Amino acid sequence: SDLSGDAFSRGTGVQSASDSAEATTMVFGVSGSGSRFVYVFDRSDSMNGFGGKPLRAAKSELIRSLRTLTDRQSFQLIFYNDKPKAFQLSGVPDQLFSGEKSYVALAENYIRSISAFGGTEHESALKMALRMSPDVIFFLTDARIPRLSASELREIKNLADASGATIHTIEFGADPGAPVHTFLRDLAMQNRGQYQYVDIRRLGTVSPSPEPASPEPAAAPDSP
């Protein structure tokens, strides 16, 4: 069987805007409110580290979040490594699907089939998500490198501002605390979102608390 996560092609589940209703769902303690949710999750080879714990935890949390949606919300899943890949039904890419139970069940099967391999390219995955005009993007990665450059962050902010999207970021790491300098904090702060650091060594043992969106950047150490 195909375990790459690309082997589904049946059904249609387009969500009608007139039938939508706002809801709140969570990913690793970060709350997002809206009716259109896009989950952008890293599936690069580094997610296989620590005995595969990062990928397993990401999948479980994604499924848990999807199960809180109803047919009044819509969703899309993008797993990415060197290239982004959206969840597809009927061979039609880049569309959101109703959060009704039957489509969530198909999505769960898809999520379980995902394997991690390859490198990491953040920008194309974020731009794919923004083209879908979501209310909320949950962006999860364990890769601080490659960083998004200042110009790439600016371009993503412009796209998110145009669509009104909020971008929440979740960073997996193996350090006890969040790094001082991380583009993921900047990405969230610039796009009305929350930043969450998750120590992958402690997954399942603590309930993390996200950093809220703030108009002021996080304090940086004094320059030498």
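**Contacts, cores and charges**

User: Which residues does Thr182 touch, not counting those up to four places away in sequence?
Analyst: Thr182 touches Arg147, Glu171 and Tyr195, where contact means heavy atoms within 4.5 Å. Before we go on: this is a predicted model, so local features need pLDDT of at least 70 and side-chain atom pairs count only at pLDDT 80 or more, while totals for chains, interfaces and linings use all residues. Residues are numbered from 1 along each chain as its sequence is written, and side-chain values use heavy atoms, with hydrogens and water left out.

User: And where does Thr182 lie?
Analyst: In the loop between β8 and α5. Those labels are DSSP runs, helices being H or I with at least four residues and strands E with at least two, numbered from the N terminus.

User: Is Thr182 buried or exposed?
Analyst: Thr182 counts as buried because its relative accessibility is 3%. The cut-offs are under 20% relative accessible area for buried and over 50% for exposed, with partly exposed in between (1.4 Å probe, protein chains only).

User: What does the side chain of Thr182 make a polar contact with?
Analyst: With the side chain of Glu171, at 3.0 Å. A polar contact here is a pair of N or O atoms within 3.5 Å; within protein, one must be able to donate a hydrogen and the other to accept it, and residues adjacent in sequence count only if both atoms are side-chain atoms.

User: Zooming out, how many helices and strands are there?
Analyst: Five helices and nine strands. Starting at the N terminus, the order is β-β-β-α-β-β-β-α-α-β-α-β-α-β. Of the 224 residues, 48% are buried. Among contacts with a separation of 6 or more, 77% come from residues 24 or more positions apart.

User: Which residues have the most contacts inside the largest nonpolar core?
Analyst: Tyr39, Leu66, Phe75 and Leu77, in a core of 36 residues. The elements giving two or more residues to this core are β3 (36-42), α1, β4, α2, β7 (136-141) and β8 (166-173). Another core, of 26 residues, lies apart from it, with Ile78, Ala125, Phe183 and Tyr197 among its members. A nonpolar core is a set of buried Ala, Val, Leu, Ile, Met, Phe, Trp, Tyr and Cys residues joined through side-chain atoms within 4.5 Å.

User: What is Tyr39 in contact with, leaving aside neighbours within four places in sequence?
Analyst: Quite a list, including Thr25, Val27, Leu62, Leu66, Phe75, Leu77 and Phe138.

User: Switching to α2: how far apart are its end C-alpha atoms?
Analyst: They are 19 Å apart, which agrees with the 18 Å that the 13 residues of α2 (101-113) should span at 1.5 Å a residue. The expected span is 1.5 Å times one less than the number of residues.

User: What do the buried residues of α2 pack against?
Analyst: Against α1 (49-66), β4 (74-80), β5 (84-86) and β6 (97-98). Those buried residues include Tyr103, Leu106, Tyr110, Ile111 and Ser113. Ser113 is buried because its relative accessibility is 11%, and a polar atom of the Ser113 side chain lies 2.7 Å from the backbone oxygen of Tyr110.

User: OK, charges. How many salt bridges does a search of the whole structure find?
Analyst: Eight, counting a side-chain nitrogen of Lys or Arg within 4 Å of a carboxyl oxygen of Asp or Glu. Glu155 and Lys127 form one of them, at 2.9 Å from N to O. That pair links distant parts of the chain, with Glu155 in α4 and Lys127 in α3 (122-131), 28 residues apart.

User: What does Asp161 form a salt bridge with?
Analyst: With Arg192, where the closest N and O atoms are 2.8 Å apart. Asp161 sits in α4 and Arg192 in the loop between α5 (183-190) and β9 (195-199), 31 residues apart. Asp161 is partly exposed at 35%, and Arg192 is partly exposed at 38%.

User: And Asp199, what is the salt bridge partner there?
Analyst: Arg201, with the closest N and O atoms 3.1 Å apart. Asp199 counts as buried at 9%, whereas Arg201 is partly exposed at 44%.

User: Last one: what is Lys157 in contact with, leaving aside its neighbours within four places in sequence?
Analyst: Gln190 and Asn191. Lys157 lies in α4 (150-163), and its C-alpha atom is separated by 6.2 Å from that of Asn191, 34 residues apart along the chain.
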